[in-house]
Amino acid sequence: MLLEEIRDELKRKGIRLSRRNVERILRALMVSGDFWEVVDISESTVPMASEVVKELLRRNLLFKDDSENLRFTEEGKDLLKELNLVGFERISCPACQGRGIPFYWDLDLYREFLEFARRRPEPVRDYDQGSVTPETTVSRVLFLKDRGDLEGKEILVMGAEDDLTGLAVALTRLPKRVLILDIDERLIKLDNEAFKELGIDNAEAMVFDLREPFPKEWLRSFDVFITDPPETYSAFKAFVGRGIASLKGEGSAGYFGLTLRDSSLFRWRDFQKSLIEDFGVVITDIVKNFNDYQNWGYHQETKASQIAPVKKGPKGIWYRSYWYRVEVLEEGKGFNERISDEVFYLDEEGSTT
Ligand code: SPD
């Protein structure tokens, strides 16, 4: 009953969640007292985990110790027994960190990428930056290779170039052409300097705001797109819809990350529906926690930090996303309208920008 009671209480506050979300948060709290680790383990949005924890504190089932760790009270422990819940256990392959793709499969690529990743500028809040680890970026490239989406392909990388995925793709020297678009000119400069230094002449980076429609020459022109959209619906449409509009057609593929830290499974259902019904693609892969994000310096300024039930920030990696691959079957139906929606980075589920 408690799971449903908490779910209903939070729903009244406008938070979309299911009883399984509450169960996952309780199971995470059984193995960690660190709020950010609990968000990670339970795969919750920050508003969801914050409100569930606050409700458990209010009901005297949890308390905060002197180091701001969350602990069950005796009453809380009795309840866990009653609910017959077991603490969460992370079971994933230590060799590939659960990605199914070992980043060290191509050590030369990894080492060369690290050289350039050292030049990466600090993340900017205005563009919701927070880059993935170098191991993640290299694994993304190897994932493309594994799926036959790298060699001889024309590849478009859209936004999130703080991850330097476009640079890493180009470093393989395997695609036919790489075009990188990002709003942040610091990253565009870094990429173009790297291509010049290395004599890579089939890759180019350009400043572009993905809220704007693509010019004709980018439509139906690429075999593969890669992106990592902010999690609002308008950003999803702008990034993924435009990506699909850029694809040549049957057999072309798209890659992007979707997180559960800034969006709920309810929104994932909308995204997935949109992929199939609006964009006409099939989802071929969804790899859990493929993308690990390094903490960003502006955390204290974010809504996530303000609504958290604890003042202390995250220690280790807590923000992850799933890696999606979609493929065009007969014909993709992309989206190429201007997006003027102000709610591009933040909405009721998102909080880390
Ligand atoms: N603001 C935190 C960093 C977020 C990076 N973007 C993740 C997008 C997932 N689709």
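Which residue lies over the face of F143, and at what distance from the ring centre? In this predicted model, R147 does, at 4.1 Å.

**View 1. F143 and F290 with their arginines.** R147 sits over the F143 ring, and R99 lies over the face of F290, 5.8 Å from the ring centre; a charge counts as over a ring if NZ of Lys or CZ of Arg is within 6 Å of the ring centre and within 35 degrees of the ring normal. F143 and F290 are both buried (under 20% relative accessible area; exposed is over 50%, partly exposed in between; 1.4 Å probe, protein chains only). Their ring centres are 5.5 Å apart with planes at 85°, so call this pair edge-to-face. Rings of Phe, Tyr and Trp (its six-membered ring) pair if their centres lie within 6.5 Å, with planes under 30 degrees apart stacked, over 60 edge-to-face and the rest tilted. F143 belongs to helix α7 (residues 134-146) and F290 to strand β8 (residues 281-292), so the pair ties together parts 147 residues apart in sequence. Helices (H or I, at least four residues) and strands (E, at least two) are DSSP runs, numbered from the N terminus.

View 2. The whole structure has 24 aromatic pairs. Ring pairs join Y233, F236, F256, W268, F271, F279, Y322 and Y324 into a cluster. S274, in helix α11 (residues 265-278), touches Y233, F236 and F279, leaving aside neighbours within four places in sequence (contact means heavy atoms within 4.5 Å). S274 counts as buried because its relative accessibility is 2%.

**View 3. The largest cavity.** A search of the whole structure turns up two cavities of 30 Å³ or more; on a 1 Å grid over the protein atoms alone, a cavity is a set of points where a 1.4 Å probe fits but cannot get out, and lining residues have an atom within 4 Å of a point. The largest holds about 470 Å³, a volume being the space filled by probe spheres set on the points. Of its 38 lining residues, Y127, D128, D228, P229 and P230 are closest to the centre.

**View 4. The second largest cavity.** This one comes to about 30 Å³. R140, V157, G159, A160, D163, T165, I226, T227 and D228 line the second largest cavity.

**Notes.** Residues are numbered from 1 along each chain as its sequence is written. Local features need pLDDT of at least 70 and side-chain atom pairs pLDDT 80 or more, while totals for chains, interfaces and linings use all residues, and side-chain values use heavy atoms, leaving out hydrogens and water.

Terms used:
1 Å grid on protein atoms, 1.4 Å probe; cavity = no way out; pocket = protein on both sides within 12 Å on 5 of 7 lines; lining within 4 Å.
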